[in-house]
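Student: I would like to learn how to read a model like this one. Can we go through it feature by feature?

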Amino acid sequence: MKKLFTTLMLMLGLSSTALAASDNPVDVISTTSQSALELLKKDTGKNTNQIRKQVEDLVVPQFDFIRMTALAVGKDWRGATPAQQTQLAEQFQTLLVRTYSSTMTRFKNAQIDVKPNAQLNNNGREAVVKSEVTLPGSGDKKNVMVDYTLYRGNQGWKIFNVSVEGASLVTIYRNQFGEEIRKNGVDGLIKLLKDKNEKGKPA
């Protein structure tokens, strides 16, 4: 699952200027996927850190980490103070980026087939874009079904959830976060995320 989500995140790197040119969520996913993969193909083994940083810089702005965090925390989000919400979002973003960026260059030969018709919800403000991803090294070339969930705000379409074969990234973390909050409260979850991020820092 981690490898799949890594591939999905790296496939969404494109500048905000280019994204603003399209009001179609399918075009956003399709164009950004190809753009990120083209960037990854420039990896020579000697410039890996540079390529990884470039992809991160392009990918992160395409996600709404505050919305993702609110959904992952669930009902306890509304009970958190603004300061706690800020800390949760910052730590969750750091966790996701560090978790998935370390292996992204391994997937430069991945292929993605974005389906042409998005499912629109919430009066057209939300969209689910479906796709099939083929990962490198898959002997039987089995395609994996992937759904991107986006919403349209003042800055265009932003991604706030990804599902792989029906397994939602937000739901997976919600189960983990809910258990920690029940044990140690919101501050306990913040501490848990901070501790994980501290351990994940490069030496």
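Student: Is Thr149 buried or exposed?

Tutor: Compare its relative accessibility with the cut-off. Buried means under 20% relative accessible area. Thr149 has 15%, so Thr149 counts as buried.

Student: Which residues is Thr149 in contact with, leaving aside neighbours within four places in sequence?

Tutor: Two stretches of the chain supply them. Ala127 and Val128 are among the contacts of Thr149. Lys158, Ile159, Phe160 and Asn161 are also in contact with Thr149. Take Ile159: 10 residues separate Ile159 from Thr149 in sequence, and their C-alpha atoms are 5.8 Å apart.

Student: Now a helix. Which residues of α5 are buried?

Tutor: General idea first. An α-helix has 3.6 residues a turn, so residues three or four places apart point the same way. Now the case here. In α5, residues 65-73, the buried residues include Phe65, Met68 and Thr69. Ala72 and Val73 are buried too. These residues sit on the same side of α5, because they cover an arc of only 125 degrees around the axis.

Student: Where is Asn122 placed, and where is Asn123?

Tutor: Asn122 is in the loop between β2 (119-121) and β3 (126-134). Asn123 is also in the loop between β2 and β3. Asn122 is partly exposed, with a relative accessible area of 39%. Asn123 is exposed, at 71%.

Student: Last point. Where does pLDDT stay under 50?

Tutor: Over residues 13-21. The model has 17 contacts beyond four places in sequence for that stretch. Where pLDDT is low, the predicted coordinates should not be read in detail. For the protein, the mean pLDDT is 82, and 82% of residues reach 70 or more.

Key. Residues numbered from 1 in each chain as written. Predicted model: local features only at pLDDT ≥ 70, side-chain atom pairs only at ≥ 80, totals over all residues. Heavy atoms only, no water. Buried < 20%, exposed > 50% of the residue type's maximum accessible area, 1.4 Å probe, protein only. Helix = DSSP H or I, 4+ residues; strand = E, 2+ residues; numbered from the N terminus. Arc of directions from axis to C-beta. Contact = heavy atoms within 4.5 Å. pLDDT = per-residue confidence, 0-100.
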